[in-house]
Amino acid sequence: MAAAAPEPGEAGRGKSLRLLGILDVQNTPCARESVLCGASGSVVAGLGHFLFTSRVRRSCDVGVGGFVVVTLGCWLHCRYNYAKQRLQERIAREGIKNKILYESTHLDPERKQANSSYQHSTTKQP
């Protein structure tokens, strides 16, 4: 009997792709995208340099340098956006938690605003 395929959110327990034995590409956020961007950047840089100069060894060096630079650039950009998104999610989660906690109590900010606008409208004299 065939084993069921893991869910998209689940990480495969036995099979994880490691890059150079260090970086678990499958389970680390932004790693896959950064490596793919770096690979395409190295091909573009190396091939572009070769087309302009026809020097094979130097073009390989430029390709490796392009891989490092583009991978780090993509990694930093992605991790910055990831951290910003996590911060926004945490703020939204705390806001929802406070909304649930304070709803219909005397500490509810919406209730205070409604009461103050109601009091201001009733105290006006013609």
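Okay, one definition to start: when I say helix, I mean a DSSP run of H or I that is at least four residues long, with the numbering going from the N terminus. With that in hand, Val 43 is found in helix 1, and we'll come back to that valine in a minute. Keep in mind that what you see above is a predicted model.

So, the overall layout. The chain has three helices and two strands. If you walk along from the N terminus, the order is β-β-α-α-α. There are 126 residues in the chain, and buried ones make up 11% of them. The exposed surface comes to about 10700 Å², and 61% of that is supplied by carbon and sulfur atoms. Now take the contacts between residues at least 6 apart in sequence: 40% of those join residues at least 24 apart.

Back to Val 43. Is this valine buried or exposed? Its relative accessible area is 52%, and the cut-off for exposed is over 50%, so Val 43 counts as exposed. Which element gives the patch its largest share? That's helix 1, residues 31-53, with four residues.

Next, let's look at both sides of helix 1 in the sequence. Cys 30 sits in the loop between strand 2, which is 23-24, and helix 1. Ser 54 is in the loop between helix 1 and helix 2. Here's a bit of background: most residues other than glycine have a negative phi. Cys 30, though, has a positive phi, near 75°. Ser 54 isn't a glycine either, and its phi is positive too, at about 60°. As for accessibility, Cys 30 is at 6%, so it counts as buried, while Ser 54 is at 54%, so it counts as exposed.

Last stop is Thr 71, over in helix 2, residues 56-102. Why do we call this threonine buried? Because its relative accessibility is 15%, and buried means under 20%. What is around it? Leaving aside neighbours within four places in sequence, Thr 71 is in contact with Ser 34, Gly 38 and Gly 66. And the side chain of Thr 71 has a polar atom 2.6 Å from the backbone oxygen of Phe 67.

Terms used:
Residues are numbered from 1 along each chain as its sequence is written. This is a predicted model: local features need pLDDT of at least 70, side-chain atom pairs count only at pLDDT 80 or more; totals for chains, interfaces and linings use all residues. Side-chain values use heavy atoms; hydrogens and water are left out. Buried means under 20% relative accessible area, exposed over 50%, partly exposed in between (1.4 Å probe, protein chains only). A polar contact is a pair of N or O atoms within 3.5 Å; within protein, one must be able to donate a hydrogen and the other to accept it, and residues adjacent in sequence count only if both atoms are side-chain atoms. Contact means heavy atoms within 4.5 Å. Accessible areas come from the Shrake-Rupley method with a 1.4 Å probe; for residues, only the protein chains shown count as cover.
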